[in-house]
Structures are given as structure tokens and as C-alpha cells.
Amino acid sequence: MTSLWTRGGLTWRELGVRLWRQIYEDELFGRCAELAYFFLFSIFPLLLFLTTLLGYLAGASTELRWNLLLYISRVSPSPEITRLISDTLNEITLGRGGAKLSISLLIALWVASNGMIAVSRTLNTACGLRETRRWWRRRLIAMALTIAFAVLIICALVLIFYGGESVDRLADRFGLGPFLPLLWRVFRWPLILTFVVISFEMIYNYAPNLGDSPSRQWWTPGAFTGVALFLLASFALRIYLAYFYIYSRAYGSLGAVILTLVWFYLIAFAILMGGEVNSEIAKEISRRKELEREAARARGEEVPEKPAKRRRFPGRRRAR
């Protein structure tokens, strides 16, 4: 299987031009706004599902919820976004208990999966795929991806808040001294970023309708592009808000909501651009393989027939 890291033989300039063209052909900016809308409605059920699951696993949901919000504050571009998420989450968790807890957990998972379905729909359009899966299969895949995403977040949180303590205990037990804690401090954030990259890869491999295609790949340039854009967008927005903050003047008390939507918009752009990167490279690889097949036929060589693809939109011009 040809690696996507070869860029299909495209130069960086050619790839950049194609991506710029696809941004407008796929109406990426409008789809980012759609995703930001769904993210706003899905983030609180997702956090409710996550904190409830953490409470079941550790029996200390209040402390773990505080740790989760602390982690969000580190990647959030504004304290107002963190405060809005924290206050809203505290409001919707009041009065839950007993059987209502399990019911609310299932409802939260169902609602949170709406955001993943929206991601699936927009990635299908970005990759030129037609949705042929039944609605219940799409829902099950979205719920499975939501659960997997929550598990990855839990693993990352465990590493952030409890990894150092565990490493210190292991160092004391095996007499490794300061070597193991130093090694942990060096590799902690790369390890955590690995969980983020895996979550992006899961979205790119299973959210769009790839069917039974064997072309699923991991550790792709699209995933790393998406993660890099996400971190860059959050950092750039934080700098902008630190020096040119005007949302409170323009929107008043709605400023925090507007900021949250802007942040979700940038996250959606990072996710979709990662998908576009993988899609454009895969199309170029497929095009060049087809040219090689035609050249082989012209030389009189026997070439096995290529199975027909029926997932693309009819009449949609994708190859360049």
C-alpha cells in the first residue's frame, strides 16, 4: 500500500493549490459553521458523559471534573470559554442520581454522537463520498467513535494528572533515581499528543463512508495536519484575545458564547482540512496508479480489472 506521506508525487506547492481550490469547491467555511453549531450542542452532553464515566471508574467525579476543566483551560484560548463550559456543566449535573444517572448517561451519549454524525456527513462531502449506510449503522458508528474518543481523553487525563506520581513510585521501587522522572517529563507531552493524533485518525478512518475499503491508513499526514492546525488555531486565538479582545463590547454577556463558537469553528476547520489533505493525496495516488495501468495495457500487458467504485457522487469532478 502506497504511503500518503509520499504526497502521491505532488510537490508542496501543487498540494497547497489543490487544497486551496477544494476549500471553495467543498464550501469548507460554511461546513465549518455547521460543525461549530453541532459542536456547541454536543460538547456539554459529551462532557456530562465523560465526567459520569470518570465518576464510575474512579468514584471521585467532582475532583476528576475539576481536573478535566483544568485540562480544557490549558487548551482553551480564553478563560471565558472555560468558565462558560464549567458553569453550564455544573448546572446540568445538579440533581442527578440513582436511575436518572444511567438514563442521563445514555441520553448524553446519544446527543453527543450528533456531533460525530455531522463530522461524518461533512467528511463524506469533502472526500466526494456518497452516504449509503443505514441510519442505525451511522448512529452506532458515531456512538462507538464518541466512546473511543472519551476513552482516549480519559487515558490522556490519567497521564497528565497521575502519570508523574506513578513514575515517582516506580522510580523509588526499582531504584532508578531521577532518571525515570526526567524521562517522563521529556516524553509526557509527545505521548499525550499521540492520543490526540489517534483520535483524529479514528475520525478519518471510520467517520466517512469508506465501506470495506482496504485503503485505511494510520499515522497519516492529514491527522498530523489536523492536530497542528488545532493547536495553532487555539494558540493564535489566545494571542488575539490577549491583545485585541472586543467581543464583550460587541456582544456583551453573549461574548463567551460567541468565543466558544469561534473556537469550535476553528476546530472544525482543523478536522476538515486534515481530511482534505488525506483525500487529495489519495486521489493523486489513485490517478497515477490508473495511468500506470493504462500504460501497461498499451504495452500489451495483462492488467486485472479494477473493481468499480460506487461511493462517489455522480458527476462530481474530483480528479485533477
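Q: Why does R121 count as partly exposed?
A: The relative accessible area of R121 is 36%. Buried means under 20%, exposed means over 50%, and partly exposed lies in between (1.4 Å probe, protein chains only). R121 therefore counts as partly exposed.

Q: What kind of model is this, and which residues and atoms count?
A: This is a predicted model, in which local features need pLDDT of at least 70 and side-chain atom pairs count only at pLDDT 80 or more, while totals for chains, interfaces and linings use all residues. Residues are numbered from 1 along each chain as its sequence is written, and side-chain values use heavy atoms, with hydrogens and water left out.

Q: What makes E34 and R121 a salt bridge?
A: The closest N and O atoms of E34 and R121 are 3.0 Å apart. A salt bridge needs a side-chain nitrogen of Lys or Arg within 4 Å of a carboxyl oxygen of Asp or Glu, so the pair qualifies. E34 lies in helix α2 and R121 in helix α5 (residues 99-126), so the bridge ties together parts that are 87 residues apart in sequence. Helices (H or I, at least four residues) and strands (E, at least two) are DSSP runs, numbered from the N terminus. E34 is partly exposed, at 25% relative accessibility.

Q: How do you know that R18 forms a salt bridge with E284?
A: Their closest N and O atoms are 2.8 Å apart. R18 sits in helix α1 and E284 in helix α10, and the two are 266 residues apart.

Q: Are R18 and E284 buried or exposed?
A: R18 has a relative accessible area of 13%, so R18 is buried. E284 is at 0% and counts as buried.

Q: What separates E284 and R288, and what salt bridge do they form?
A: E284 and R288 are 4 residues apart in helix α10, so about one helical turn separates them. The closest N and O atoms of this salt bridge are 2.6 Å apart. R288 is partly exposed, with a relative accessible area of 33%. Through shared partners, salt bridges join R18, E284, R287 and R288 into one network. The whole structure has 6 salt bridges.

Q: What makes the largest nonpolar core, and which residues have the most contacts inside it?
A: A nonpolar core is a set of buried Ala, Val, Leu, Ile, Met, Phe, Trp, Tyr and Cys residues joined through side-chain atoms within 4.5 Å. The largest one has 61 residues, and F39 and F264 have the most contacts inside it. Helix α10 (residues 255-298) gives this core its largest share, 12 residues. Beyond neighbours within four places in sequence, F39 is in contact (heavy atoms within 4.5 Å) with G115, V119, F264, I267, A268 and I271.

Q: Which residues make the nonpolar surface patch?
A: W5, Y206, W218, W219 and F224 make a patch of about 550 Å². Patch residues have over 30% relative accessible area and no salt bridge; like charges are joined within 9 Å, nonpolar side chains (Val, Leu, Ile, Met, Phe, Trp, Tyr) within 5 Å. Areas come from the Shrake-Rupley method with a 1.4 Å probe; for residues, only the protein chains shown count as cover. Y206, in helix α7 (residues 179-206), has 36% relative accessible area and is partly exposed. W219 has 42% and is also partly exposed. W219 lies in the loop between α7 and α8.

Q: Why does T220 count as buried?
A: T220 is at 2% relative accessibility, so T220 counts as buried. T220 is in the loop between α7 and α8 (221-244). Leaving aside neighbours within four places in sequence, T220 is in contact with L4, W5, E201 and N278.

Q: What is the phi of E27, and why is E27 called exposed?
A: Phi of E27 is near 50 degrees, a positive value in a residue other than glycine. E27 has a relative accessible area of 53%, so E27 is exposed. E27 is in the loop between α1 and α2 (28-58).

Q: What is the mean pLDDT of the chain, and which helix has the lowest?
A: pLDDT is the predictor's confidence in each residue, from 0 to 100. The chain mean is 75, and 74% of residues reach 70 or more. Where pLDDT is low, the predicted coordinates should not be read in detail.
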